[in-house]
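I set out to record what I looked up in this structure, entry by entry.

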Amino acid sequence: MVRVIARLLPGPSLMFAAGLIAKGYAEVGDGFAAGVIVALAVALAYVALGAAGAEAALPALRHAPKAAVGGLLLALASGFFPLLLGDPPVTHRPGPGEHVTTIGTLELFTPLLFDLGVFLLVIGVLTVLLHHLARSREEAAR
Amino acid sequence: MAVDRGGTRPTADRPGWSACVIAVAGFALCLFAGGAGFSLPWAPSLDLRLAFALDGLAVLYGLLATGVGALVFAYGTRYLTLHLEHQRRPAVERWRFWPWMTLFAVSMVGLATAQDLVLVFVFFDLTAVCSYFLIGFDRAEREARRSALMALLVTVVAAVAMLVAAVLLHAEHGTFAIPELLDRAEPSTTTTLAAALLAVAALAKSAQVPLHFWLPKAMAAPTPVSAYLHSAAMVAAGVLVLGRVHPLLARSEAVLTGLVVVGAASVVVGGVLALRRDVLKQVLAYSTISQYGYMVMLYGIGGAAANGAAAFYVLAHGIAKSALFMTAGAVTMATGEDRLSRLGGLGRRVPVLAVAAGAASATLAALPLTVGFFKDELLFAAAVERGPVTVVLAVVAATLTFAYIGRFWIGLFLGPARGSVGAASTLLVAPVVVLAAVAVLGGVVVEPFARLAEDAATVSAGEPVTMSPGYHLDARPENLMAVAAWALGGLLLVLPRLTDGLSRAFAAAGERFGPRRAYDGTLRALDRVSAAVHDREVRDLRGSIAAVLVPAGLLIGVAFVATPTAGAYMVGIVEGADWVILPLLALVVVATVVTARARVRLVVALALAVVGFALAALYALVGAPDVALVAVVVETMLTLVFVAALSRLPREDPDRFVPGDPVRRRRDVFAALLAGLAAFVALWGFLSQPAADSVSDEHLRLTPSAHGGDVVTVIVADFRGLDTLVEITVLLVAVVGVATLVRRGRLW
Amino acid sequence: MILAFAVAAAVLFGSGAYLLLKQDLIRMVAGIILISQSGVVTIIAASLSRGRAAIDVAPGERVSDPLPQALALTALVIGLATVALLLALVHRAIVVFRTAEQDELAATEAEHEAGLERRRQADREEIESDPDGERAP
């Protein structure tokens with residue numbers, strides 16, 4: 001039972017995380033919390049299936065380092081891009097008073113990129129962390 | 001062994017020639033771009049500017065640094081190749097030499113042109129850093145390392161005085177720009193203090209008594225470095241700074257008098273010690289101390305004539321001294337000997353070098369038909385203007401110079417032949433010949449040199465300076481003084497016994513009471529302190545934690561005793577949801593105590609989790625849902641990670657936990673109680689005094705214009721977004737650290 | 001309430017300090033966690049102007065202070081990263097030294113220290129020896 005849930009949980013957790021990010025600015029929650037929630041689903045998989053099993057069941061996990069670095073770059077880029085336009089860092093667009101396109105509660109503006117970056121980074125970092133803790137155990141056991 | 005093996009042609013020294021080309025380009029720049037300058041903002045909030053100008057003083061020192069530099073670098077291409085060959089070191093070690101040498105020249109030009117006191121400080125220290133690596137180039141030799149460190153410490157520590165002076169002046173006049181400072185400074189205590197501090201920094205750099213001892217040591221450097229350092233770069237930098245800020249120094253009679261005293265002392269000490277040294281480069285090193293003593297003395301005399309004389313002196317001395325050092329290097333390379341007592345009669349075997357070195361020596365000894373004659377003429381003129389004391393000092397100085405440099409040249413090139421001579425490489429002789437030619441040319445056509453010195457002196461004197469050095473065949477005081485100096489110097493040369501005892505006594509006294517001992521003692525004391533701190537601090541982790549916590553606790557305690565407590569503590573009121581919060585807090589307290597007392601590690605982990613979740617629930621109740629959400633997920637993750645880490649520890653031995661040392665246990669409890677109590681008093685006081693208005697009012701007001709609803713999220717992603725960027729970077733760095741520790745750096 | 005929060009934070013801090021003084025490296029990590037929790041509680045308690053959460057605030061409404069909350073968020077995240085790193089460090093120490101006990105680590109370090117002491121002695125000789133380059137001829 002736990003194993004089945006562990007295999008399936010990352011899907012819904014991603015949905016939930018997407019919801020957190022989408023509501024981000026209007027309601028509780030941000031990229032960080034969303035990232036940790038997905039990482040918790042991954043953690044369950046590690047606990048239930050073991051490191052080798054989890055990584056076999058969820059092959060996408062091996063992209064975790066890329067997600068971490070990519071997320072950081074995305075967040076840094078969205079933070080420092082305004083420098084090129086002559087604004088202070090972390091100046092978001094559209095600026096105050098300008099119109100923001102929205103899809104439902106999802107607002108399309110640069111903080112969203114920033115949040116996405118944080119989200120990816122947190123998933124990546126925590127997955128790598130879990131991987132190391134689990135792997136070093138298995139390697140030691142061998 | 002140390003004979004130039006002409007047969008093996010080593011590969012061309014490309015980096016060396018590049019440095020040479022750069023120096024030549026700089027020379028051309030200084031020659032043709034006089035008067036140019038620019039000023040860019042550097043750190044506007046600190047009032048710093050990158051201000052450079054090629055004024056008269058800058059042109060003089062710039063030409064010296066690049067001109068002598070170009071020749072020394074050309075000489076160095078050959079010298080360094082041989083040097084590395086003799087020491088059986090790979091030719092690639094050039095790359096540890098030439099970049100520093102180039103930077104040395106660049107920072108010297110930068111120092112000459114800088115018009116901002118902080119900028120001057122930066123270049124001043126940059127030359128020291130370069131000299132450190134260059135003096136310590138033979139890093140396998142302990143002496144070289146020691147000397148490099150000594151040069152660095154003495155000059156850099158003294159340079160701090162310059163920074164202090166800069167800050168003082170800025171506080172008083174609101175600018176670091178030197179021209180404005182010179183304008184605004186009035187005679188006052190601050191001005192005197194700042195001038196004295198500047199002078200200290202400059203004097204240490206110019207190796208003046210009592211901070212002279214590093215210079216003779218610095219001869220551990222390869223000869224091109226010595227030649228450059230003594231004539232145009234490091235040591236000249238001190239006098240350059242004196243010239244740059246001279247109008248400021250002139251505001252204080254005391255500082256000027258101090259300069260005269262220090263200069264005179266250096267002239268005598270350096271000169272007397274140079275009289276009896278045996279190692280070639282040491283004779284020249286003590287001579288440098290003495291020669292810069294002249295210049296310091298001239299700046300101390302002050303006024304138009306003395307400033308002009310000082311500028312001219314720098315030029316003449318730079319030319320002569322670099323030539324003499326290169327002579328010493330060439331001789332050592334050709335014979336393998338570096339002591340006067342083992343050399344002699346080289347004149348017949350290397351006649352070109354002998355003649356060129358003779359011209360350079362004559363320049364230093366101020367013989368007619370060399371540019372050096374005029375340097376002494378101007379010195380004497382300035383001394384006469386000042387009074388009888390300086391007249392005597394000037395004659396003594398010139399006498400000593402004549403005597404020691406005469407001994408140097410005669411010892412090397414005349415007398416019975418000693419030492420075997422290999423072929424002297426052309427490239428080791430040619431630069432000496434060029435410099436000697438320049439010196440003799442200056443003795444015939446002095447006009448261009450005089451113009452350079454005039455322009456430089458105009459800057460340092462703060463008024464137009466005109467000077468007209470020339471040969472006068474009459475009985476004016478300058479000529480009489482010169483003749484007296486030659487006669488006395490000749491006497492010393494013929495009767496060395498006259499000075500033997502004096503020089504020995506000086507050396508012995510220096511050995512016993514000299515500042516070298518103070519330096520060594522300071523270094524030893526510092527070493528002991530460092531070792532003691534190291535022993536206390538590093539050996540035991542508990543000890544080092546105590547070293548931080550105990551003083552911190554004491555400080556906090558002192559602060560509390562000193563603070564009035566009336567009305568400082570509030571109990572607060574309990575209302576509404578607080579009745580739920582109180583039990584949660586109680587749960588936190590209980591779980592915390594359990595954590596502290598648990599005997600099994602797993603209990604520690606679980607109790608920690610209880611603490612964390614109780615706190616998360618509490619955050620939700622105090623209107624912090626964002627924190628609550630993050631706290632829940634982080635706490636879950638943390639518990640998981642903690643348990644996972646526990647599972648790979650060696651199994652705990654339950655018997656072990658009963659500690660054998662009750663004293664230690666009681667001490668721990670006591671320390672913890674004390675820490676808790678101090679934290680309680682501090683935190684209670686802190687929480688009792690909420691700030692009246694917070695920056696968050698502004699955040700609340702601005703949130704809608706950031707298109708957001710949740711103020712906390714907007715703060716994290718927008719208002720304080722830079723914090724968040726740093727924070728997530730820390731996350732990634734931490735995980736890289738984990739990967740390094742656990743799996744040797746593999747991220748996956 | 002102020003007093004209650006102060007007591008809780010102080011207990012957290014004191015227990016953390018106690019654990020820091022322990023022999024066991026894992027307990028030291030736990031102590032650090034407790035101390036950082038104490039910090040977060042203090043930050044949150046500093047914003048005890050409790051109204052509702054600061055979301056879609058109408059002008060003049062009483063809400064909890066959002067800035068300390070943002071700071072607390074940062075503190076929590078950094079705390080997680082630090083603890084992960086500390087645990088990895090402990091793990092490494094155990095792999096290398098085969099113990100999680102301070103005293104045994106200290107013993108190993110003392111050996112190392114003896115080696116350092118020899119090197120330092122050599123350095124000292126380097127400073128004290130005085131080859132002045134030449135003796136008077």
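The entries below cover the confidence, one chain, two contacts and one residue.

**Basis.** I am reading a predicted model, in which local features need pLDDT of at least 70, side-chain atom pairs count only at pLDDT 80 or more, and totals for chains, interfaces and linings use all residues. I number residues from 1 along each chain as its sequence is written, letter chains from A, and number ligands from 1 in the order in which they are written.

**Confidence in chain A.** I looked up pLDDT, the predictor's confidence in each residue, from 0 to 100. The average for chain A is 80, and 88% of its residues score at least 70.

**Elements of chain A.** I took helices (H or I, at least four residues) and strands (E, at least two) as DSSP runs, numbered from the N terminus. Chain A has five helices and two strands, in the order α-α-α-α-β-β-α from the N terminus on.

I call a residue buried if 20 or more other C-beta atoms lie within 10 Å of its own, exposed if 12 or fewer, and partly exposed in between, with C-beta atoms placed from the backbone. Of the 142 residues in chain A, 46% are buried. I count two residues as in contact if their C-beta atoms, placed from the backbone, lie within 7 Å. Among contacts in chain A between residues at least 6 apart in sequence, 71% join residues at least 24 apart.

**Chain A against chain B.** This contact takes 46 residues from chain A and 39 residues from chain B. On the side of chain A, helix 3 (31-57), helix 4 and helix 5 (110-141) of chain A are the elements that give two or more residues. Helix 5 of chain A gives the most, 16 residues. I sorted this side by class, with Ala, Val, Leu, Ile, Met, Phe, Trp, Tyr, Cys and Pro as nonpolar, Asp, Glu, Lys and Arg as charged, and the others, Gly among them, as polar. The side of chain A has 31 nonpolar, eight polar and seven charged residues.

**Chain B against chain C.** Here 94 residues come from chain B and 80 residues from chain C. Helix 27 (residues 662-688) of chain B gives the most to the side of chain B, with 13 residues.

**One residue.** Is Ala236(B) buried or exposed? Ala236(B) counts as buried because it has 31 C-beta neighbours inside 10 Å. I found Ala236(B) in helix 10 (residues 234-244) of chain B.
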